[in-house]
Each structure stands twice: as C-alpha cells, then as structure tokens.
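Let us walk through this entry by question and answer. Have the viewer open.

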2 protein chains.
Amino acid sequence: MTEPRWLAADEQRAWRAFLLMHSRLAARLNRQLQAACGLSLADYEVLVHLSEAAGGRARPHELQRALDWEQSRLSHQLARMRQRGLVTRERCGEDRRGAHVLLTDAGRQAITTAAPGHVETVRRLFFDPLTEDQVAALHTLAGQVLARLDDDGAPGDPEAPRDEAPRDAGGSGRRP
Amino acid sequence: MTEPRWLAADEQRAWRAFLLMHSRLAARLNRQLQAACGLSLADYEVLVHLSEAAGGRARPHELQRALDWEQSRLSHQLARMRQRGLVTRERCGEDRRGAHVLLTDAGRQAITTAAPGHVETVRRLFFDPLTEDQVAALHTLAGQVLARLDDDGAPGDPEAPRDEAPRDAGGSGRRP
DNA sequence: TCCATCTCCATGACACATCATCTATGGAGG
DNA sequence: CCTCCATAGATGATGTGTCATGGAGATGGA
C-alpha cells in the first residue's frame, strides 16, 4: 500500500462545505414538507414521478430506475405510502410478476398542495443565493462526478448498465 | 399565495444532478467504509473528530457542534459506538451533567485503518474528475448557500447561533 | 418440454435519524 | 436558601434505508 494522497486543507474545507450544505439543505426541505403537508422528501419524489406518469400510474421498476433507488427501499416506501392512502396497487396484466402503482385522489391532492411550497423553498434556499453561472458550473461538475461514479463501476460489477448522466427527469419544479 | 416561481428545465436538471451526485457518492463511500472496516460514514466522522481532539477525548456537546448533528442523533450514535467498543464514556469532573467520550484502542485502530482507503475513495470519485477551479467554485457556492440557510434562519428561530460558513479562501478564480 | 436462470417485487432483521420527553445539574435572582 | 430557567445528555417511539433472502412468473435454450 502506497502512501495515501491525503486531502489538502482547502480540499478538506471544500469537501466538508459540500457535505454540510447538502445535509442542512435536505434537513430544511424535509422539515418544510413535513410541516406543510406531512410528506417526506422521499414521498414527494415518488409522488412527482407518479403524477407525471400517464394516468398517474407506473410500474415500480420504472420508478426505481427513475429515482435511482434501491429496489427494497422503493418497495418499503410504497408499502408505507399505500398504508397512508397516497397510492394503491393494481395487479399487472402484461407481466404477472409485477404491479402497477397508482396515485389516489389523496395522493394527487398531497402533491398538488406540496409542490408550490417546496419549489419556493428550493428556490429561496438554493437558487436565489447563486448566479446562473454558478448553477451551470454545479451542473457540469455533478455530471463529471457522476460519470466517474459510473465508469469507476461498482467494483466487482464490471459491466454496469450504462444509463443516465444528469439527463432530465422532472424533479422539484413541477407543474401539477 | 402568489403563483410559485417554478424551476426552469435547466434548473431542474442541475438540482437533480446535484442530489443524485450526493446520494450516489454517499452510497459509495458508505459501502467502501463498510466493506473495508465495518464502519459507517457517521462512525467515521465521529472517530475523525475524536482522533483529532487532545487525548482522543471530547465532550459530546463539542462533537455535536463540530459535526452539526442533532443532539439525539449523536447520543444514539455514541451509544452504538460504545456498545461496539469504539469509544468509552467517562464522567466529567468540571460539569457533572456532562461526560467525556474517549477513543478506545480499537477505535483508534479503526480510524487509522479506515482513513487511507476512505480518503483515496473520496479523491478518486470526487476530486480527480474535477479541476482546482471547480472545487474552489463549489466551495464558494456552498458558502453562499450555507449563509442563506443561516440567515433565512429556522423560521421561528429568529436569533440563530451565528457560526461557521466556510470562510472563502482568497484568490481562487470566482465571480459571484 | 423441461430446466436453468433471470426479472420483478415483498419481507424481516437491523442500522440509523428524528421527535418528544425525561433527568440531572448549573446558574441567576429573589 | 429556594425558585425558575437554561444546559448537557439519555431514552423510547416511530419512520426510513440497507442487506440478505425468498418466491412467483418470464425467458431461453437443450
């Protein structure tokens, strides 16, 4: 083992600032959503994708890829959301292993109520203090890191299913 | 409520790229640490701060501020770490409400073993694909967002305990 | 056809985070 | 001294994420 390439002081500061920014931001967004309408950030993301899907209906596996979540995380999440009446399940005709998840009225109501406040918070806390150039630079930077994450591969997973760099996918700023 | 300021398409993409970068990065770092030495990222952070403290000893409240964690999160975390033999507790002389947490030999061993691989992974996945200017720009950007998070205040928490935003390091190319 | 294998999804165990609440001590003012 | 409140920290309930595993249905040869 060769001597590790330690981080320089300014690298450490940048790294920690990045982590701190994310954790505080996520905490704020979670609390805002929770306070405003009893949703978590995870609920919100699922609801966004469902509400954008045709008929408010989607296959779990499709959601999984879109959200880039672990399969079991999504499964648990959907179970909880079903229990709270935000979504329901339907057996799937074409592929009887699978299922359809679909938005209930309560679910659509929840996302419609939640979206404006959430987007406003994202804008106020994140976009407002930044310039357009800074946002663009962050986007570029994230793309580079994601590309590295991809082709560095899960070590021991030599052939990764190549797909999305920050291609679209509607996120926080949706129109209900 | 006025019409919300929805996110433009490129803003959405940037935002989602940022979130995706963080979640994938965190997942990778967690797995690497877990595989290499059975530590979580949270364990690692606690151990780092403890190992940098004089005598491998610190007050919980001090750790809490340094890590920017919720109090109960730290308390639970320390309980688990104590149970696994990474740290121990000591009653505190000066303030008998409090305690000292101190690194055990096993804890010091763990952080010593973990650090090179962790730093190497951070460098490979995060710093290597970026230029110095990009890192500096990210640092600046994070500072701005953190400042906003601070003075936006926890709504209903008008007087926040002012503390660190990453002081910007001079000289690196940037233009707000 | 039959069997191996892959895909889609659920589940239980456990680690972790947050919230609300609780104890005990410290400190200031009467 | 005592009272009131702030601070340090622990704890239990609950929601959330990951890992390992399992099972049913699809798929593709031999």
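**Strands, symmetry and DNA**

Visitor: How many bridges join strand β2 of chain B to β3(B)?
Guide: Strand β2 covers residues 87–91 of chain B and runs antiparallel to β3(B). Strands are DSSP runs of E with at least two residues, helices are runs of H or I with at least four, and numbering starts at the N terminus. Pairing takes at least two DSSP bridges between two strands. The number of bridges joining β2(B) to β3(B) is 5.

Visitor: What kind of model is this?
Guide: Residues count from 1 along each chain as its sequence is written, chains are lettered from A and ligands numbered from 1 in written order, and side-chain values use heavy atoms, without hydrogens or water. Local features need pLDDT of at least 70 and side-chain atom pairs pLDDT 80 or more, while totals for chains, interfaces and linings use all residues, since this is a predicted model.

Visitor: Which residue of β3(B) is the bridge partner of B:Ala58?
Guide: Strand β1 (residues 57–58) of chain B pairs with β3(B) in the antiparallel sense, over 2 bridges. For B:Ala58, the partner in β3(B) is B:Val101.

Visitor: How many residues of strand β3 of chain B are buried?
Guide: Buried means under 20% relative accessible area, exposed over 50%, and partly exposed in between, for a 1.4 Å probe and protein chains only. In a regular strand, side chains alternate between the two sheet faces. One side of β3(B) carries B:Ala99, B:Val101 and B:Leu103, the other B:His100 and B:Leu102, and all are buried. The strand is largely enclosed by the rest of the structure, because the buried count is 5 of the 5.

Visitor: What is the strand order of the open sheet in chain A?
Guide: The edge strands are β1 (57–58) and β2 (87–91) of chain A, each pairing on one side only. β2(A) joins β3(A) (residues 99–103) through 5 bridges, and A:Thr88 stands opposite A:Leu102 there. Pairing is antiparallel, and the order is β1-β3-β2.

Visitor: Which residue of chain B comes closest to the rotation axis?
Guide: Copies are superposed by least squares on C-alpha atoms of residues with pLDDT of at least 70 in both. A rotation of 180 degrees with 0.0 Å of shift puts chain B on chain A, at RMSD 0.1 Å. The two copies are therefore related as by a two-fold rotation axis. At 3.5 Å (C-alpha), the closest residue of chain B is B:Leu138.

Visitor: Is A:Gln134 buried or exposed?
Guide: A:Gln134 sits in helix α6 (residues 132–152) of chain A. Leaving out residues up to four places away in sequence, A:Gln134 touches A:Pro129, B:Thr140, B:Leu141 and B:Gln144, where contact means heavy atoms within 4.5 Å. The relative accessibility is 10%, so A:Gln134 counts as buried.

Visitor: Which element gives the most to the surface near DNA strand D?
Guide: A residue is near the strand if one of its heavy atoms lies within 4 Å. In all, 22 residues surround DNA strand D, and B:His61, B:Ser75, B:His76, B:Arg89 and B:Arg97 are the closest. A polar side-chain atom of A:Arg73 lies 2.8 Å from a phosphate oxygen of DNA strand D. With 5 residues, the element giving the most is α4(A).

Terms used: A polar contact is a pair of N or O atoms within 3.5 Å; within protein, one must be able to donate a hydrogen and the other to accept it, and residues adjacent in sequence count only if both atoms are side-chain atoms.
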